[in-house]
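Please examine the model shown below before reading on.

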Protein chains: 2
Amino acid sequence: MKKLSEYTPEELDVFEYENKIKFNAFVDAGLNINMARGKPAREQLDLSEAFLNSVTHHTGTFSNSGEDCRNYGLLCGIEECRRLFGEILDVDYNNVIACGNSSLVLMYDYISQCMTHGAGGHAPWAKQTGAKFIAVVPGYDRHFAIAEHFGLEMIDVEMTRNGPDMDKVEELIKDPLVKGMFCVPKYSNPDGVTYSDEVVTRLAKMTPAAPDFRVIWDNAYVLHDFYDDHAKLKNIMKEAAKYGHEDYFVEFASTSKITFPGSGVAAIAASNRNINEISARLSLQIISYDKLNQLRHCHVFKNLEDVQNHMKLHAAILRPKFLAVEEVLDRELTDLGIADWTHPKGGYFISLNVNVGSAKYVGELCKQAGLTITKVGATFPYGKDPTDSNIRLAPTCPSVEELKIATKVICTAAKLAAARALRHEMAEG
Amino acid sequence: MKKLSEYTPEELDVFEYENKIKFNAFVDAGLNINMARGKPAREQLDLSEAFLNSVTHHTGTFSNSGEDCRNYGLLCGIEECRRLFGEILDVDYNNVIACGNSSLVLMYDYISQCMTHGAGGHAPWAKQTGAKFIAVVPGYDRHFAIAEHFGLEMIDVEMTRNGPDMDKVEELIKDPLVKGMFCVPKYSNPDGVTYSDEVVTRLAKMTPAAPDFRVIWDNAYVLHDFYDDHAKLKNIMKEAAKYGHEDYFVEFASTSKITFPGSGVAAIAASNRNINEISARLSLQIISYDKLNQLRHCHVFKNLEDVQNHMKLHAAILRPKFLAVEEVLDRELTDLGIADWTHPKGGYFISLNVNVGSAKYVGELCKQAGLTITKVGATFPYGKDPTDSNIRLAPTCPSVEELKIATKVICTAAKLAAARALRHEMAEG
């Protein structure tokens, strides 16, 4: 088949006409499908039924060390929960704080602390006029929103197939006002990229001009593989320690997409110095986290293997959903040469790149057809995709049948957008 | 009996000798009693057994409005939980955000937001050089620690039997750099004072020079009465609204001392404008709070009456503990005229004032005898009690028997401290 760019004007007319009819049929169908956010499906939540009442008066409310989890105490969490995250992240449990239900709030708080009180004993970022942050793009809108909220100017660095463009990163960190970067190192949001060993090593070796440089290592999808033959992420903490650079990295994870979003447990892993700095602030913020919920998790998950086995059940639900979307994209768009997309091996997103200048229009068309996708532009700082081409698809929540229809809507919208762009080009040419 | 100040030198010798023997006996007994923090006793936690598994797959995980509490969503909490706090605080549920497990973190976050982003659209407090905060003394150390952390200079205002010294407050708020104050309006920490109607009205009527003045209304002991004939606190939100002053007050409460400390639910109540400002920030911080835990609470507590009935069970446990402490204090110290103390009708503390300059020494003696009390000085900003006289006693956790012994230790220590002070006076005089 021909690429769309090779179509004659007459062929383009027919193509556009046919796809308009198709599109109108979708509009008439009155769809209501949401692919906007990385939200687990109900059948995924059902997998975690055991966590609802894994702590009762029969099981007891005491931690392994004899702490009554119903009462105040243990700011850094119960030991078994710290150990569980230690296993998940492959770090010493003494370098883990088991916290509440959200890793996002831990990242927000960490940045907030750096702004008002600085990192590593250095001046508060808020007092270092012009403090900047590296934004790997496309990326996670909630990361960018935190940086924007605190007035950290974001500098885009492009994501490659192996992770952030390290040449660019190594150049930028020569500026002492560049204070850090957000990384989703495994199955990145939205590209599904797992940083290569080389990228992790180059990150670990970095010698930023800013002594208070901090990488927010958001390991959100640490165990969120679709296949047994899954991506392997090099351990940043161990790698950084080789060069005495462990203070540059603060790692975050949670069970939000393992057990219950909003009712899981989140954790921080960091160097001794960072853990001390973070826990000193935490001691002013909170008396203790929800240890009963930590205990609920530890009563079911005795070790890493239990979590891994649980994740296989998630994978069995998610794999066919991602494959359904990819299959429609492959079939409908490959030959036309008007888009490219990812085939992730884990995580929560497919990243679709349509023709430059077309993404917003595709988003509008999807909306008209009753399909909600992530706000176009959201994968870039300030919500502005400089080339207006990236669209994040979140296939986890809808059913496979819904996803097939939704992806057809997207493909039809992408075709119409591409045809419109081509027509403009022809008119101008 | 005679006051200690009326003792002859010889009588004082005997008094001191006898109390030293008594004190040494306590030291020899190897006590280990902790009266430092407002921590519920185990039998109080047992009252809330029903909350451990009040949400199971049998009860279902859906809120009244049909939201699956296991998943993301509802940043402001489930409606029934907002309504429950609305009833507890006597405010419209639309003005309530039901949050996570800690009201302290909500207060910390609110102050933090005021520092970096300002209140009510005004300049960030951090950019208003010399921003100050009123500290009602004696007060809650964790409040003071937050203000200190953010560099808000604290100005002491004395607590009276009816609440803060309002003449002083009304004078201080003429300074536009005085940005707010912390209040524990019912059964204040540590004095157990409930603000009188007059004080609440005067607070509500305040017209601070700072348009971004904010009162942190920490209603921590809103239902924590020991007696049916309990203190009645005038509703600050309704009172403030009469004068169009509702934006000056942000109210906080939690079930930490109703169900489980650390595993309860906390809430914010505020004006429409403040709720909008707070929830806009929350939307960057967190996707949603632990709605399953909110649901656990709402499955057991259907309404205010259920909570009130539950609080009567707490009262039955706490009342004899407080009475035991007061009875020993009354018996051992009343005649000597070397101390005064409170007889609270609710809350978590007894406030003991020993002779000026003696509190630290009393604290040291208690420590020698194996009794841990709240760090002396902690009830004042920067941990410095200007007259070194206030001691906070937290009688909730130990048993009645332990409390009797502990209070005897305290009384003996207070006697020795008073005798020492008197001897110095005599020597100097």
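Axes are lines fitted to C-alpha atoms, for helices over the stretch in contact, and angles run from 0 to 180 degrees between N-to-C directions. Helices (H or I, at least four residues) and strands (E, at least two) are DSSP runs, numbered from the N terminus. The model is predicted: local features need pLDDT of at least 70, side-chain atom pairs count only at pLDDT 80 or more, and totals for chains, interfaces and linings use all residues. Residues are numbered from 1 along each chain as its sequence is written, while chains are lettered from A and ligands numbered from 1 in the order in which they are written.

In chain A, helix α12 (residues 359-368) and helix α13 (residues 400-428) have axes that come within 9 Å and cross at roughly 135°. That angle makes α12(A) oblique to α13(A); angles under 35 degrees count as roughly parallel, over 145 as roughly antiparallel, 65 to 115 as roughly perpendicular and the rest as oblique. The contact (C-beta atoms, placed from the backbone, within 7 Å) involves Tyr361(A), Val362(A), Leu365(A) and Cys366(A) from α12(A). From α13(A), the partners are Val409(A), Ile410(A), Ala413(A), Ala414(A), Leu416(A) and Ala417(A). By class, these residues comprise 10 nonpolar, no polar and no charged. Here Ala, Val, Leu, Ile, Met, Phe, Trp, Tyr, Cys and Pro count as nonpolar, Asp, Glu, Lys and Arg as charged, and the others, Gly among them, as polar. In chain B, helices α12 and α13 likewise pack at an angle of about 135°, with their axes 9 Å apart.

Attention now turns to the sheet of chain A. An open sheet of 8 strands has the order β2-β9-β8-β7-β6-β3-β4-β5 in chain A, with mixed pairing; two strands pair if DSSP finds at least two bridges between them. Its edge strands, β2 (96-98) and β5 (163-164) of chain A, each pair on one side only. Strands β3 (residues 132-137) and β6 (residues 178-183) of chain A run parallel and are joined by 3 bridges. Within this pair, Ile134(A) stands opposite Met181(A) of β6(A). Helix α3 (residues 79-89) of chain A packs on the sheet, where it touches β2, β8 (249-254) and β9 (266-269) of chain A, and its direction makes about 125° with that of β2(A). Helix α4(A) lies across β7 (214-218), β8 and β9 of chain A and runs at about 155° to β8(A).

How many residues of chain A are in contact with chain B? There are 42 residues of chain A in contact with 42 residues of chain B. Among the elements that each supply at least two residues to the chain A side are α2 (42-46), α4 (103-117) and α9 (272-285). The largest share, 6 residues, comes from α4(A). The side of chain A that touches chain B divides into 20 nonpolar, 15 polar and 7 charged residues.

Key. Two residues are in contact if their C-beta atoms, placed from the backbone, lie within 7 Å.
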